[in-house]
Protein chains: 2
Amino acid sequence: MSLMRIALLQADPTVGDLAGNAKRLLALVEQAKSTGAHVAVSTELAITGYPPRDLLMSPDFVQAAFDKTQACSPTIPMLIGTPVPGTDREMAPANGVVAVGEGLRGKVVAHKQLLPTYDVFDEARYFRPGSRPGLVRGAGGMDLGITVCEDAWQAAGLTPVDYGVDPVAQLAALVRQDATLSATVNLSASPFHHAKVADRITVARTAAARLGTPFLLANQVGGNDDLVFDGSSIAAWPDGTVVLAPSWAEGVLTVDLNDPSSSTWTPSNAADALSIGAHERLVLHPDQAAPTVTGAEGLVDAVVTGLADYCRKSGLHRIVLGLSGGIDSAVAACVAVEALGPEAVHGLALPSRHSSQHSRDDARWTAEALGMRFSELHLDAMHEPAETLLGDVLRNGHAVAGENLQARLRALLVMGHANAEGAMAIATGNKSELAQGYCTLYGDMAGGYAPLGDLWKMDVYAMADVFNARARAQGRDEPVNASTMTKPPSAELAPDQVDEDTLPPYPVLDRILRAHIEEGLDHAAIVARGEEASVVTDVLARMGRNEHKRWQMPPAPRVSVRAFGQGWRMPLAGRHDWRD
Amino acid sequence: MSLMRIALLQADPTVGDLAGNAKRLLALVEQAKSTGAHVAVSTELAITGYPPRDLLMSPDFVQAAFDKTQACSPTIPMLIGTPVPGTDREMAPANGVVAVGEGLRGKVVAHKQLLPTYDVFDEARYFRPGSRPGLVRGAGGMDLGITVCEDAWQAAGLTPVDYGVDPVAQLAALVRQDATLSATVNLSASPFHHAKVADRITVARTAAARLGTPFLLANQVGGNDDLVFDGSSIAAWPDGTVVLAPSWAEGVLTVDLNDPSSSTWTPSNAADALSIGAHERLVLHPDQAAPTVTGAEGLVDAVVTGLADYCRKSGLHRIVLGLSGGIDSAVAACVAVEALGPEAVHGLALPSRHSSQHSRDDARWTAEALGMRFSELHLDAMHEPAETLLGDVLRNGHAVAGENLQARLRALLVMGHANAEGAMAIATGNKSELAQGYCTLYGDMAGGYAPLGDLWKMDVYAMADVFNARARAQGRDEPVNASTMTKPPSAELAPDQVDEDTLPPYPVLDRILRAHIEEGLDHAAIVARGEEASVVTDVLARMGRNEHKRWQMPPAPRVSVRAFGQGWRMPLAGRHDWRD
């Protein structure tokens, strides 16, 4: 009975940083040991971080990762996710698991069988599939079944394709022959989207029920480029009991197989560990659903995680952004301050002759409420010379050229600050306007990261409510004031301009875009839902024309069911115009 | 003997334009018929264009492509490359071939077996592989073996991976049982890189020899985003005789199986047909090597094709670019003028206080020699107000901020012209400087297409020689004058600045970058070739730091063995800094 504690190492690796990732894992194992764990389980490809992408095309990289894994010598037995080299350099690696520590001798104990190759996943590009169920005997005195991420999803029927193979069923057959499996573990790198935790709990409960043993899923946490991972590692028992680790925090979930409620969560003691949101592990009773976190709360934490990790992993310590007085830049400022702290964020108000007084006031309000650095530079000093220099070209050309000019002058000043101060500029646009091309390339799209780039406009409002509520709870001023929340959205690039001059109202726009992008519905199907045909026509036409802008979007944390970027790799030629 | 003429339709499809592609194919078939062809063969996925990328993730798109293919009713029998839907919507399509016309009833006659999934290819993401050799009986009175692109490469040993299956060997086994195959055809979408034609000839000769019948390869031509296809369709006979279609032109190669020298090339009669370079089909005797086109000639045609097609397919009719008086912008102007004509190209000289008189003179020279529109705007009118506005931020910050400021002011003026005039700006940078991050994001990197983005600096000089020689041959002034050819490369963003202040001499830099990027060599291996260790260290460090800039590069025609972009999908976080 004593040898029944398994630690799930919910780590935040940096893609490609083999030495750093090994060090992080070994530090977590030491913490796991102190919680009484007998064996520790890492996340998928923990040694390389997920997703390593074309680094995996280098046999030298694969070999170095495998060697680094085998060289780990933890003080308790440990299963580590790593690429496993083929028998020659031309052969693709496996997405595997190696057992190290106490008598396990660096043996390969599992090869991932189901290789997801859709949306953000491209594993058939990189890996050869395994063909047998994973298994380790005598790890910390236990025999354990082993699966890797997608391997467990077929059994729950939650994959978009039918693999024709079910590794959970294979293990269940083994269990019927051999009653000694103490548990089955799953090494995961399962990216976030809203509502993903509920799916993962279904996967874990399904597997535990099929196998008749506890099923433990260790999930990566943190941001790597445009993917964010929520962690939320899970242990499920055959009766449906679940222990759930916190999201958005690095640490160790030590699971007591015999007593769910004795399971513990230990935050990582690394100085730079990710630690956002709540820090309690939860126990769910058999019939209990996933904890209801309001959507916007989860989105805020996801986006803050994405930006914070992008900066940490890139060695960036400061952020510059333009503050227009509008909702997007206000919420982006909230995200930046939450991610890096107010002293690390510099907001620039850059009013032009078209900017209203409320915009200038609201921008200052947000900056002061957040306690960040704030500067105001009036654009006129450059705007007029630029117009003079372009002269007839502007007067006789498309009007949008004059509008874009202002956005690009702002980008030039934001980037000037960023370059001079060694900071990163962030782009503040949201997914709704990006999808419509209602934004300026090299203007408001400029920046190294787009924290709101995968969020619909109405989600941005919902996130503002979250930030305001959090501020109120701490006795601080609301960073997004009532004026910003309620005024009609406007780019303020022409006199009295509002977004609705060009776009449908955002609730309508978001509905149409969601239907098209997330559900894949075409014009007819969207109209059949009751949207006005001409509006749908215009929205879809703008999407096609402006494909190129989305393609040039900086990394944006993927929080939606279907993001742009990977998994939305459309041809450009034939689809866009260049006028704006 | 009479039923022995096969037409290879060397078409230039637009990705996703199913109706337009079908129309183009049917027009080419009519031309083929008039040359006495009995059957016509399209390129790979001719109905969708290659590469369709994530369009293939839509079952509706796949079905529409297949339906459009089956609905083709040409006046001679025809084999068309098309995605073939699975038996249910969850099943991936095949990369297949459908036979239409005269008694063939839209039958699926081949499924591609070898799915390349490396470098720019990602076919395991999209397709299920076939398992049997392709075959059509009674097409124009002939029985034909059918292969699709990669299917034929395993036999020649020219794939980077070993597939364990060889469709040519399968067909050879069929031929041994059944002597009626008149020929084997191959539907290809094989992208260009320098020296690729020689490889393709080896593939065709190998297959013809193995099969003991003629082997005919129809290859796509034209540019789609960052891929360019050279065409160069091939017929090879078992004795090694080869008929080779022109590169960079749309048309029909009608192959007489009994008499290679009677084979004909017919240029497409479409008004917008691609037609660049020479227009003669070649006959190679059995021992004759691929025709020696000097590298730079091929690169010029490739890059002109890429830009011309990108513009045509996107409905762009005008180009704007900055002319610095340096080699890159001079050659980019040559490319633009060759692609769209001098009246469609507007060059802007944008001198700053750091620009030399020779730069201004040389920029004007190039524009006048090419007969393009030319304007000069002096940057000072904006440069000084911008410096005043940024004030202490610039004075006290990284020096690079001031340099970037100038590049971004230029981008703002170039984009202002482009937006006002409904033109596309092009970025003029080369691959050597992009690899080093020696360029300004939102500055000289701004533009919708980067014609030189996959060309090493020394290749740009070689291309200048080609453009100059072509001008001399036509009795025109050389567009790249001696001053531009011989002066030390300089960004002219600071007083007396030259590129060698920061970078090694370009011949050295190009050698190191080629070794690292094209051959995958690491620091030790490059030093072992005789490069100075500290220089290699600096070059590789700059590459790592500046990953992000390459990721934001506009589409660049892929002409090298290994390009950035697809096939160089590296993680960003942890690899770059944002100071420049």
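**Exercise 1. Determine how many residues of chain A are in contact with how many of chain B, and describe the side of chain A that is involved**.

Solution. On the side of chain A that touches chain B, at least two residues each come from helix H3 (123-126), helix H6 (295-314), helix H9 (380-396) and helix H10 (399-421) of chain A, and H10(A) gives the most, with 16 residues. Finally, sorting by class (Ala, Val, Leu, Ile, Met, Phe, Trp, Tyr, Cys and Pro as nonpolar; Asp, Glu, Lys and Arg as charged; the others, Gly among them, as polar) gives 38 nonpolar, 22 polar and 16 charged residues for this side of chain A.

The model is a predicted one, in which local features need pLDDT of at least 70 and side-chain atom pairs count only at pLDDT 80 or more, while totals for chains, interfaces and linings use all residues. Residues are numbered from 1 along each chain as its sequence is written, and chains are lettered from A and ligands numbered from 1 in the order in which they are written.

**Exercise 2. State which domains are assigned to chain A and what their contact is made of**.

Solution. The domain assignment, whose bounds come from an automatic or database source, gives domain 1 (5-293) and domain 2 (300-499) of chain A. Their centres, taken over C-alpha atoms, are separated by 39 Å. The contact takes 13 residues from domain 1 of chain A and nine residues from domain 2 of chain A; on the domain 1 side, strand E10 (221-224) and strand E11 (227-230) each supply at least two residues.

**Exercise 3. Decide whether A:Asp119 is buried, partly exposed or exposed, and characterise its backbone**.

Solution. A residue is buried if 20 or more other C-beta atoms, placed from the backbone, lie within 10 Å of its own, exposed if 12 or fewer, and partly exposed in between. A:Asp119 counts as partly exposed because it has 18 C-beta neighbours inside 10 Å. A:Asp119 is found in the loop between strand E5 (107-111) and H3 of chain A, and its phi is near 50°, a positive value in a residue other than glycine. Most residues other than glycine have a negative phi.

How values were computed
Contact = placed C-beta atoms within 7 Å. Helix = DSSP H or I, 4+ residues; strand = E, 2+ residues; numbered from the N terminus.
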